[in-house]
Amino acid sequence: SNALEKNDIFPDYAINIIKIGEKNDNFKETFVLLKELIEIKINERSKLMQALSYPFFTVFVFGLVFFG
């Protein structure tokens, strides 16, 4: 986890989860949990982008029709 802290690649929550796994010697369970959390974050971001795409498209078309 010390090497991971030196880089800005991983978020703080991931590094903290890995540290807990190191202290408890639960590497496999720790990385399974971390994988699940990352998958949840990816799914949430995807759903958010899908939810926002229609309103942005609608505003864009509205702007083209009335101001274009």
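The model is predicted: local features need pLDDT of at least 70, side-chain atom pairs count only at pLDDT 80 or more, and totals for chains, interfaces and linings use all residues. Residues are numbered from 1 along each chain as its sequence is written, and side-chain values use heavy atoms, without hydrogens and water.

**Fold and dimensions**
- The protein chain has three helices and zero strands (DSSP runs: helices are H or I of at least four residues, strands E of at least two, numbered from the N terminus).
- Along the principal axes, the C-alpha atoms fill a box of roughly 60 × 25 × 10 Å.

**Burial**
- Of the 68 residues, 12% count as buried (buried is under 20% relative accessible area, exposed over 50%, partly exposed in between; 1.4 Å probe, protein chains only).

**Aromatic pairs**
- Two aromatic pairs are counted (Phe, Tyr and Trp rings, the six-membered one for Trp, with centres within 6.5 Å; planes under 30 degrees apart are stacked, over 60 edge-to-face, the rest tilted).
- F62 and F66 form a tilted pair, because their ring centres lie 4.5 Å apart with planes at 45°.
- F62 and F66 are four residues apart in helix 3 (residues 27–67), so about one helical turn separates them.
- F62 and F67 pair edge-to-face, with centres 6.5 Å apart and planes at 80°.
- Ring pairs link F62, F66 and F67 into a cluster.
- F62 is partly exposed at 48% relative accessibility, while F66 is exposed at 57% and F67 is exposed at 72%.
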